[in-house]
Amino acid sequence: PLFAYTAVGWYDDRFWVTAFRSDNDIRQDCAQFNQAVINAKTAKKLRDNKDNRLIQHLGKCCLTYACPAARNYFLGRWEAPLPTSPVCNARCVGCISLQKSGKCSATQDRIQFVPTPAEISQVAIPHLQNAENGIVSFGQGCEGEPLLQTDTIEKAITAIRKKTDRGTINLNSNASLPQSVKRLADAGLDSLRVSINSAQEKYHHNYYRPQNFSLSDVLESIKVMKKEGKFVSLNYFILPGFTNSSQEYDALCSLLTTVKPDRIQLRNLNMDPEHYLQSIQFDYPVISMGMREWVAKIKANFPKLQLGYYNPSIR
């Protein structure tokens, strides 16, 4: 399956990896999860909500796939997932919920239904009311593109905000539909996390294989959110050798200067590097800096920009 990996070595009585921690948030650390407690709390909530298809779906995510977000939902803390869309308007090469038969397997099954606003609200409202630094997020690894369910999500956000003003309502998205983003912002969406693999049109297109949208639509969605005074993160897929190439770095700096997102979430691109570079038709000699140098330069040139890994609580 498409999980992150790196080389591991043993030297001087300790393990070494070619990686660094990009966010001190503990919300998905292994040490935070007691499986016996998770099993008990999940079983109880599933029994108490037999008619809510979304909660039943999240139960599978929690117990079968060990999804950290689903586990945190059943533990009543931090960020809870709200998957809504069985369909997508992109065919990402590295999609983690849908891969063609015979290819490398997806890490989890995609949701097969669109939950109702009432089912969504039943998950979101108690979580936002009770969880410390509560966040609920549309757009999960077990679904397609949530903006294709804008009508449902808009109604759900409206219903949620009628009951509580606590917590953050977030959308993880490919940001392909600026008008839909505007509708959700007006309904009460607090933050948008925009997934991109590249700030260059060609490589963005070749990875996402979009249907009726382009990188310019993605940038327009960011502008819409910023105009509404909302929070925007880039869910930026990192592959050393590509991300830190001079061309991609320059393109990213141009994007950051133009649309001014608030945060970059440094995300591991969970793909075989050679397959990825072939898929996006990477076609120039690699002149790259080290990833630590890349981070240092981003921090120096954009001092107000946050770097991390998770969706922050902003309310």
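Trainee: How many aromatic pairs does the count come to?

Mentor: This is a predicted model. Rings of Phe, Tyr and Trp pair if their centres lie within 6.5 Å. By this rule the count comes to 11 aromatic pairs.

Trainee: What kind of aromatic pair do Tyr207 and Tyr276 form?

Mentor: The two rings are 5.9 Å centre to centre, with 65° between the planes. Planes over 60 degrees apart count as edge-to-face. The pair of Tyr207 and Tyr276 is therefore edge-to-face.

Trainee: How many residues apart in sequence are the parts that this pair ties together?

Mentor: Tyr207 lies in helix H7 (residues 201-208). Tyr276 lies in helix H10 (residues 273-279), so the parts tied together by the pair are 69 residues apart in sequence.

Trainee: Is Tyr276 buried or exposed?

Mentor: Buried means under 20% relative accessible area. Tyr276 has 1% relative accessibility, so Tyr276 counts as buried.

Trainee: Why is the pair of Phe242 and Tyr276 edge-to-face?

Mentor: The ring centres of Phe242 and Tyr276 are 5.9 Å apart. Planes over 60 degrees apart count as edge-to-face. The pair is edge-to-face because its planes are at 80°.

Trainee: Where in the chain is Phe242, the partner of Tyr276?

Mentor: The pair links distant parts of the chain, 34 residues apart, with Tyr276 in helix H10. Both Phe242 and Tyr276 are buried. Phe242 is in the loop between strand S7 (231-238) and helix H9 (246-259).

Trainee: Which residue's side chain is joined to that of Ser191 by a polar contact?

Mentor: Ser191 is in strand S6 (residues 191-196) and is buried, at a relative accessible area of 4%. Beyond its neighbours within four places in sequence, Ser191 is in contact with residues including Thr168, Met225 and Ile314. The polar contact is 2.7 Å, and the partner side chain is that of Asn170.

Trainee: What covers the buried residues of helix H2?

Mentor: Helix H2 spans residues 53-63, and its buried residues are Leu54, Ile55, His57, Leu58, Gly59, Cys61 and Cys62. At the start of H2, the backbone nitrogen of Leu54 has a side-chain oxygen of Asn52 within 2.9 Å. The cover over the buried residues includes helix H1 (35-48), H3, strand S3 (79-82) and helix H4 (117-130).

Trainee: How far apart are the closest N and O atoms of Asp151 and Arg183?

Mentor: Asp151 and Arg183 form a salt bridge. Asp151 is in helix H5 and Arg183 in helix H6 (residues 178-187), 32 residues apart. Asp151 is partly exposed, with a relative accessible area of 46%, and Arg183 is partly exposed at 32%. The closest N and O atoms are separated by 2.6 Å.

Trainee: Which residues is Thr152 in contact with, leaving aside its neighbours within four places in sequence?

Mentor: Thr152 lies in helix H5 (residues 150-163). Thr152 is buried, with 16% relative accessible area. The contacts, leaving aside those sequence neighbours, are Val114, Pro115, Thr116, Pro117 and Ile120.

Trainee: What is the accessible area of the nonpolar patch formed by Val8, Trp10, Phe15 and Val17?

Mentor: Strand S1 (8-11) and strand S2 (14-17) each supply at least two residues of this surface patch. Phe15 lies in strand S2 and counts as exposed at 58% relative accessibility. Together the four residues have an accessible area of about 470 Å².

Terms used:
Residues are numbered from 1 along each chain as its sequence is written. This is a predicted model: local features need pLDDT of at least 70, side-chain atom pairs count only at pLDDT 80 or more; totals for chains, interfaces and linings use all residues. Side-chain values use heavy atoms; hydrogens and water are left out. Patches are made of residues with over 30% relative accessible area and no salt bridge: like charges are joined within 9 Å, nonpolar side chains (Val, Leu, Ile, Met, Phe, Trp, Tyr) within 5 Å. Accessible areas come from the Shrake-Rupley method with a 1.4 Å probe; for residues, only the protein chains shown count as cover. A salt bridge is a side-chain nitrogen of Lys or Arg within 4 Å of a carboxyl oxygen of Asp or Glu. Helices (H or I, at least four residues) and strands (E, at least two) are DSSP runs, numbered from the N terminus. Buried means under 20% relative accessible area, exposed over 50%, partly exposed in between (1.4 Å probe, protein chains only). Contact means heavy atoms within 4.5 Å. A polar contact is a pair of N or O atoms within 3.5 Å; within protein, one must be able to donate a hydrogen and the other to accept it, and residues adjacent in sequence count only if both atoms are side-chain atoms. Rings of Phe, Tyr and Trp (its six-membered ring) pair if their centres lie within 6.5 Å; planes under 30 degrees apart count as stacked, over 60 as edge-to-face and the rest as tilted.
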